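Student: Could you walk me through the side-chain contacts in this one? I'd like to go pair by pair.

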Amino acid sequence: MSSDCKGRKKGTLLHSFSFAFSGIFHTIRHERNMRIHCTAAGLVILFGLYFQLSASEWIFILLAIGGMFSLELVNTAIERTVDLVTEEFHPLAKQAKDIAAGAVLVYAILSVIIGCIIFLPKIVKNVL
């Protein structure tokens with residue numbers, strides 16, 4: 001087993017994956033917004049299967065879903081880190097949290113736009 005720059009033992013690759021999955025599952029269990037993203041992703045995948053999306057359409061959908069999950073995880077990590085550093089109100093702590101939340105919002109809006117571009121024509125075609 002090798003050591004990192006501070007002399008701590010590095011875990012195995014399997015441990016690294018275990019820690020990553022632990023973080024994902026913790027966020028799903030404890031963060032309302034992540035559960036909302038998971039529900040939305042599930043619905044989008046079901047719609048994608050129903051409408052038989054093309055490979056290129058799936059690529060955009062999966063990038064939107066994966067990016068959304070990733071940004072929500074980073075946002076949660078930033079929130080936890082800020083909360084660890086200070087319990088008192090600090091303008092920079094608020095800015096860090098607000099900026100991270102803003103990044104999530106921007107990507108969520110982009111994901112909705114991507115979904116509309118892909119799904120609206122299919123919905124209209126099936127309705128008419």
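This is a predicted model: local features need pLDDT of at least 70, side-chain atom pairs count only at pLDDT 80 or more; totals for chains, interfaces and linings use all residues.

Student: Is Lys97 buried, exposed or partly exposed?

Tutor: The relative accessible area of Lys97 is 26%. Buried needs under 20% and exposed needs over 50%. Lys97 therefore counts as partly exposed.

Student: Which residue forms a salt bridge with Lys97?

Tutor: A salt bridge here is a side-chain nitrogen of Lys or Arg within 4 Å of a carboxyl oxygen of Asp or Glu. For Lys97, the closest N and O atoms of the bridge are 2.5 Å apart. The pair links distant parts of the chain, helix H4 (residues 91–127) and helix H3, 14 residues apart. The partner is Asp83.

Student: How many salt bridges does that rule give?

Tutor: Lys97 with Asp83 is one of them, and Glu31 with Arg80 is another, at 2.8 Å from N to O. By this rule the count comes to four.

Student: How many residues apart in sequence are the parts that Glu31 and Arg80 tie together?

Tutor: Helices are DSSP runs of H or I with at least four residues, strands are E runs of at least two, and both are numbered from the N terminus. Glu31 sits in the loop between helix H1 (13–30) and helix H2 (32–50), whereas Arg80 belongs to helix H3 (residues 55–85). Glu31 is buried at 15% relative accessibility, and Arg80 is partly exposed at 34%. The parts they tie together are 49 residues apart in sequence.

Student: What separates Asp98 and Lys94 along helix H4?

Tutor: These two form a salt bridge, with the closest N and O atoms 2.4 Å apart. Asp98 is partly exposed at 41%, and so is Lys94 at 42%. Because they are four residues apart in helix H4, the separation is about one helical turn.

Student: On to the rings: is the pair of Phe21 and Phe25 stacked or edge-to-face?

Tutor: Rings of Phe, Tyr and Trp (its six-membered ring) pair if their centres lie within 6.5 Å; planes under 30 degrees apart count as stacked, over 60 as edge-to-face and the rest as tilted. The structure holds five aromatic pairs. In this one, the centres are 6.2 Å apart with 20° between the planes. That makes Phe21 and Phe25 stacked.

Student: And what kind of pair do Phe47 and Phe119 form?

Tutor: Their centres are also 6.2 Å apart, with 65° between the planes. Phe47 lies in helix H2 and Phe119 in helix H4, 72 residues apart. Phe47 is partly exposed at 42%, but Phe119 is buried at 9%. The pair is edge-to-face.

Key
Residues are numbered from 1 along each chain as its sequence is written. Side-chain values use heavy atoms; hydrogens and water are left out. Buried means under 20% relative accessible area, exposed over 50%, partly exposed in between (1.4 Å probe, protein chains only).
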